[in-house]
Structures are given as structure tokens and as C-alpha cells.
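Here is a short briefing on one protein chain. Please look over the sequence and the model before reading the points.

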Amino acid sequence: MKHDNRKKVLAQIHIARKQLDLDEDTYRQMLATVTGGKRSCSDCNVAELYKVLQHMKDRGFKARPKKRVAQHPGTPHNLGREPMLQKVEALLAEMKAPWSYADAIAKQQTGIAKVAWLKKPEHLRALIAALDVELEKRRLLGSLETAMKARAMSLDDIDRLHPELPQNWRRTRKALVRLCNHYMMPDAWLEAHREGGSQ
């Protein structure tokens, strides 16, 4: 524990030295003045190092708060320690979805309200699988939209052309795959439907 404190205070002293722009001679003289003659931090005990740090704070050093791993509201506090949470973050970033979206899925799957509170690996794996499926749906929908635009049509035309589809076809992977495969085919089928023909 004492060793950790020493490392932390040493790091702060070195940051303070840079922030205060102390050259080598001025820095060594300051150390000697504060510690009663010691000109190197390696010669100081933890109490003396804290005195040096306090002296530097008195001279204008301002410790900056620790940066968070991510800058988004709801980011789990343990993101940096859990590789599976980093995978969740990557999926959310690709979907441009907030952490609250992942929290909602976690709650629906496990009853646990926050992703940060998931402790079992199987819970995190299930969440990642759900996000993978959602990302795939969004990609399929994007591909379908691109294919429809290339034919001067929109996704709304699909409702007219395919009344047999379920009402929530935009959220159904099976329907999206079928439609993507269908609209990547030759234009003859589309021409028939534009003129009011049938499949």
C-alpha cells in the first residue's frame, strides 16, 4: 500500500514539475529546501514527498481530474477493466446508440438494470450477441435502402409491393435477408412490379 502511495505522489510531482516549468537546478533546489537537503525524490520518504507536492500546490500546481475512459453518459465505471464491455462499447459506437440502449437490453435479458452491474460472463456474452443481431439488422436495412434508391424507390414501396410481409418487417432479420437477396436480383422482377404485375 505504501509503495502505491509513493508511486502516485511521485507521478504527481513529475506532472507538477512540468506544469510549473521548473528547470533541473530550480527543481533540485526546491527539493532540498522542502526536505532539509535531499536533492532527489528517490532519497525521500512518502511523508517528505507529500510535503514536496504540497509545496508545489502552494506555488500554483493544479492537479487535473482523471479523464474518464469514455465521454458518453452512462458509460460503465469498469469499462477499462472488462474486455467484453469494450466489445459492447464498440458495437454501440457502430450503431451510434447510447449506453442506455445496452442497459435496456441487459434489463430485459437478466433483470439487471445496468450493464456495469453484469458480473457473469454469460450475461455479457448474451448482451453482445443481442447487439450483434441488432447491428446486422441495421446493416441489412441500410443495404436494402441503398438497393431501393438505385431503383428510384424507397423502403415505403416495399409495403406496397409485399403485402405478405409482417408489419414489423424492418425489425425482422429473416424478412430483411429475404428482401436484400430479392432486390439484389436483375431488374426484370422490379419492372414487372412497377407496372403492377405480380411475382
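What percentage of the 199 residues in the protein chain do buried residues make up? Buried residues account for 35% of them, where buried means under 20% relative accessible area, exposed over 50% and partly exposed in between, with a 1.4 Å probe and protein chains only. This is a predicted model, in which local features need pLDDT of at least 70, side-chain atom pairs count only at pLDDT 80 or more, and totals for chains, interfaces and linings use all residues. Residues are numbered from 1 along each chain as its sequence is written, and side-chain values use heavy atoms, with hydrogens and water left out.

**Overall make-up**
- The protein chain has nine helices and zero strands; helices (H or I, at least four residues) and strands (E, at least two) are DSSP runs, numbered from the N terminus.
- Of the contacts between residues at least 6 apart in sequence, 50% join residues at least 24 apart; contact means heavy atoms within 4.5 Å.

**Nonpolar cores**
- A nonpolar core is a set of buried Ala, Val, Leu, Ile, Met, Phe, Trp, Tyr and Cys residues joined through side-chain atoms within 4.5 Å.
- The largest such core has 17 residues, and Val88, Leu92, Ala102, Val115, Leu127 and Leu131 have the most contacts inside it.
- Two or more residues of this core come from each of α4 (83-95), α5 (99-110) and α6 (121-150).
- Not counting residues up to four places away in sequence, Leu131 touches Val88, Leu91, Leu92, Met95, Tyr101 and Ile105.
- A second, separate core has 15 residues, among them Leu144, Met153, Leu155 and Leu179.
- In soluble globular proteins, nonpolar side chains tend to be buried together.

**The α4 and α5 pair**
- The helices α4 and α5 pack at an angle of about 120°, with their axes 9 Å apart; axes are lines fitted to C-alpha atoms, for helices over the stretch in contact, and angles run from 0 to 180 degrees between N-to-C directions.
- Leu85, Val88, Glu89, Leu92 and Met95 of α4 make the contact with Trp99, Tyr101 and Ala102 of α5.

**Trp169**
- Trp169 lies in the loop between α7 (155-161) and α8 (173-183).
- Trp169 is buried, with a relative accessible area of 2%.
- Leaving aside neighbours within four places in sequence, Trp169 is in contact with Leu141, Leu144, Leu155, Ile158, Asp159, Ala175, Leu176 and Leu179.
- Trp169 and Asp159 are 10 residues apart in sequence and 9.1 Å apart in space, C-alpha to C-alpha.
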